[in-house]
Amino acid sequence: MTIRKPEDVIEPFNFEGFDSALLKTLYLRMVRAREFEEKLYYLFLTIKMPGTMHQATGQEAVAVGVASVLNADDYVTSTHRGHAHCIAKDVSLNSMMAEMFAKRNGACKGMGGSMHLCDFSKGMLGAFGIVGAGIPIATGAALSSIVRGTRQVAVSFFGDGAINEGVFHESLNMASLWKLPVIYVVENNQYALSMPNELESAVTDLSSRGCSYNVPGRTVDGNNVLAVYNAARQAVEDARNGKGPFLLECVTYRVRGHARFEQPNYRPKEEEELWKQYDPILRFKQAATTAGILSESDLKAIDQQVEKEIEDSIAFAQSGEDVGALDYKQFIYSGQMEGGVE
Amino acid sequence: MRKLSLADAIREAMIQEMRSNSNVILMGEDVGRFNGAFHVSHGMFEEFGPKRVWDTPISEAGFMGMGIGAALTGLRPIIEFQYADFMYCAMDQIVNEAAKLRLMSGGQANVPLVIRAPQGATGRAAQHSQSVEAYFMHTPGMYVVMPSTPYDAKGLMISAIRLNDPVLVLEHKLLYGAASPGGGKALTDQTISEIGSDVPEDAYTIPFGKADIKRAGSDVTIIATLIMVHRALAVAGELEKEGISCEVIDPRTLVPLDEETILQSVRKTNRVVVATEDVERGGVSAELTSIISRKAFDFLDAPVECVAADNTPIPFGPAAEKHVIPQMEDIRDAVYRVLKD
C-alpha cells in the first residue's frame with residue numbers, strides 16, 4: 001500500500017504576482033483556520049463542547065488558496081470537514097464558535113453544529129454532512145447563476161472519498177453539457193476515514209477523472225497555498241467567462257484522525273511525521289521570510305491578531321444564550337403557509 | 001367556466017407562474033423537447049426555451065441536487081420525476097438535503113422547490129406503479145400535496161410554487177385525464193365519471209392544510225386521496241340508493257394535515273373508512289387511523305377500516321394488480337363492515 005509522498009507532489013513557492021497584502025491575507029486565513037480548530041480540539045478535550053468535529057489540520061492551504069480567488073457573492077459548498085472552508089470564505093469566527101457551543105447567536109442558531117455550518121450572506125451554502133451531497137448543490141448554484149445572468153461562480157469542496165459517489169459523476173456530466181461556472185475541488189487528504197485512496201479508487205489520478213465528461217482537470221501541491229491560488233484563479237476566471245467547469249485536485253494530507261479523538265492506527269507513524277514536515281503554514285512562512293517578502297514581525301502580528309480573535313470568539317460564544325428546547329420549531333418550515341402565500 | 005383535465009390544470013399553473021416570475025424554472029427527464037412523458041409540460045419548452053425548461057440526463061440524484069442549489073440561490077425550480085418510483089434514486093438529496101436545510105442552517109436557507117411526480121398503478125409492474133407518499137409524509141421539512149381534481153391541482157400547484165419550502169406534488173397517472181395530450185383513454189378509469197372539471201382561468205391559490213369535503217354525508221366518513229377519492233365518490237353514489245349516507249373527505253395535503261375537518265366528521269358519523277393506494281404497513285392509512293384513534297376514540301362506534309394496497313411489490317398481471325390495489329368493492333365492503341354493529 002502506498003500513499004502519495006510529499007516529494008511526489010511538492011511545488012516550489014513562486015511569489016510572482018503576489019503582493020504583500022494578498023500574502024498577509026492568505027496567511028491570516030490559514031492561521032485562523034488552524035488556530036480555530038486547535039482551540040476546538042482543546043475545548044473538546046476539556047469537555048467544554050458538545051457534539052463532534054472533523055479537523056482539517058494540515059489542509060488549510062486548499063480552502064484558503066481556492067476561496068481567496070472568489071468574489072464575496074460567489075458560492076461555496078463544503079463538507080463535514082468544513083471549518084477551514086467557512087473561514088476562508090470569511091464567515092465570522094464569532095458566529096462559528098457560538099454555533100460550536102450550541103448557542104442562539106451561532107451561525108445556524110445552534111441548529112446545525114460543526115457539520116452544517118453555513119452563512120448565506122457570505123455565499124457559504126453549507127458544510128454538508130453527507131459525503132458528496134454538496135456537489136450537485138454547487139452545480140445547481142452555478143446553473144442558477146446562468147439563469148439569473150449574474151456571472152457568479154460556484155465552488156464545491158469535497159474529499160477523495162466523495163469522488164466515488166454517483167452525484168460526482170452526474171454533476172460533472174451536466175456541468176460540462178451546459179458549460180456551468182463551477183469548480184470541483186478535490187481536497188485529496190489521502191484517507192477516506194481509514195481507507196487510503198489506492199484501496200477505493202480504481203483511478204487514483206483524481207484530476208483525470210473528469211475526462212469521461214470532457215471536464216479539464218489539474219493536480220496541484222495542496223500544501224502550497226500559492227500553487228492552489230494560481231490554479232484556482234485560472235479555473236475561476238475561465239468558468240466566469242463561460243468556458244465551463246474544472247476539476248482541481250489538491251493533494252494534501254490529513255494530519256489528524258478522521259474525527260475528534262480518533263487515532264489513525266491504520267497508517268504508519270512515520271508517514272504522518274514525514275507529512276508534518278510539509279505543513280502548509282510552516283512552508284509558507286519559511287518561503288515568504290526566506291524570499292524576504294514578509295518579515296517575522298509581519299507574521300507574528302498576524303498570529304497575535306488571530307489569537308485575540310479566537311479568545312474574543314469564545315467570549316462571544318459564552319455570552320450567547322443556550323439553545324432552548326423548543327427553538328427548533330420555528331425552523332422546520334418557513335411559516336409562510338400560516339400567513340398565506342399570495 | 002371551461003373544463004380542464006388535471007394535466008392541463010397543472011400545466012396552466014406552471015405556465016402562469018413562469019410567465020409572472022422569471023425565477024421559476026422546470027427541470028426533468030424529457031420535460032422539454034418531448035413535452036414530458038405524460039405531456040404535462042406540453043408546449044412549455046417552445047414558450048420558455050432551454051434556460052427555463054431544462055431537459056436533464058437520466059441523473060435523478062444529480063438534477064434533484066441541482067434543483068436544491070438553484071433554489072438556495074434565488075430560483076424557484078419545479079423538478080419533475082418521470083415516475084414517482086424514480087425519486088428513490090434521489091432520496092439523499094430530497095430527505096437529507098432539501099427537507100433539512102432550513103433547520104440545519106438555523107432558518108437561513110429558503111428552499112422554494114416543487115417536486116412533481118406521477119404515481120399509481122397502471123399496469124406497469126413494480127417499479128413504475130408505486131405510491132410513495134408515506135416516505136415523504138415521514139420526512140419533516142417538506143410538504144406533501146395530493147390533488148384529486150383539476151381545480152385542486154391548479155390552486156395547490158400555484159401555492160406550491162409560491163412557497164419557500166420544498167413541496168412534493170404527487171399526481172395520479174390515471175387522473176391526468178383524456179384531455180391530456182399524453183393521456184388518452186389508457187389513463188382514464190371507469191370510476192372517474194367526469195374527466196374534466198371547472199377551472200378558473202386566472203391564477204388562484206388553495207391553502208395547504210385545508211381538507212375538502214367532496215361529498216357531505218352522515219352515516220360514515222370515507223377519507224381518501226387521489227384516485228381513491230373518485231372510487232369513494234362512486235361507492236357513495238351507489239350506497240345512497242341503499243340508504244347509506246357517506247361523507248367523502250379529501251385531505252388534499254397530507255403535510256400539513258387538516259386534522260380538524262377529519263375529526264369533526266368522525267365526531268358526526270362515528271364510523272370511518274380510510275382509503276389510500278399506498279401499502280397498508282406503515283402507510284398513510286395507518287397514520288390517519290392512529291390520529292383518529294388517539295384524538296376521537298370516544299366517538300368511534302366501530303374500529304377504523306383501512307383500505308390500502310396489499311403489502312407487496314406491485315405485480316404485473318392485471319388480475320393480480322387489481323387484487324393488490326383497492327377497488328370500489330373494497331371500499332364498499334369496508335363501509336359495510338364499519339356499519340355492521
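Colleague: What is the strand order in the open sheet of six strands in chain A, and is the pairing parallel or antiparallel?

Modeller: The order of that open sheet in chain A is β2-β1-β3-β4-β8-β7, and the pairing is parallel; here two strands pair if DSSP finds at least two bridges between them, and helices (H or I, at least four residues) and strands (E, at least two) are DSSP runs, numbered from the N terminus. This is a predicted model, in which local features need pLDDT of at least 70 and side-chain atom pairs count only at pLDDT 80 or more, while totals for chains, interfaces and linings use all residues. Residues are numbered from 1 along each chain as its sequence is written, and chains are lettered from A and ligands numbered from 1 in the order in which they are written.

Colleague: Which strands stand at the edges?

Modeller: β2 (124–127) and β7 (217–221) of chain A do, and each has a single partner strand, so one side of each has no neighbour in the sheet. From one strand to the next the twist averages 15 degrees, where angles run from 0 to 180 degrees between N-to-C directions and axes are lines fitted to C-alpha atoms, for helices over the stretch in contact.

Colleague: How many bridges join β3 and β4 of chain A?

Modeller: Strand β3 (residues 154–159) and strand β4 (residues 182–188) of chain A are paired in the parallel sense over six bridges, and Phe157(A) stands opposite Val185(A) in β4(A).

Colleague: Which strands does helix α8 of chain A touch?

Modeller: Helix α8 (residues 225–240) of chain A packs on the sheet and touches β4, β7 and β8 (246–251) of chain A, with its direction at about 170 degrees to that of β8(A). Contact means that the C-beta atoms of two residues, placed from the backbone, lie within 7 Å.

Colleague: Switching to helix pairs, at what angle do α5 and α11 of chain A pack?

Modeller: Helix α5 (residues 93–100) and helix α11 (residues 296–319) of chain A pack at an angle of about 50 degrees, with their axes 8 Å apart. They are therefore oblique to each other, since angles under 35 degrees count as roughly parallel, over 145 as roughly antiparallel, 65 to 115 as roughly perpendicular and the rest as oblique.

Colleague: How many residues of chain B are in contact with chain A?

Modeller: There are 43 residues of chain B in contact with 38 residues of chain A, and the largest share of the chain B side, ten residues, comes from α3(B).

Colleague: And how is chain B divided into domains?

Modeller: Chain B has domain 1 (3–198) and domain 2 (212–339), with bounds that come from an automatic or database domain assignment. Their C-alpha centres lie 25 Å apart, and the contact takes 25 residues from domain 1 and 28 residues from domain 2 of chain B.
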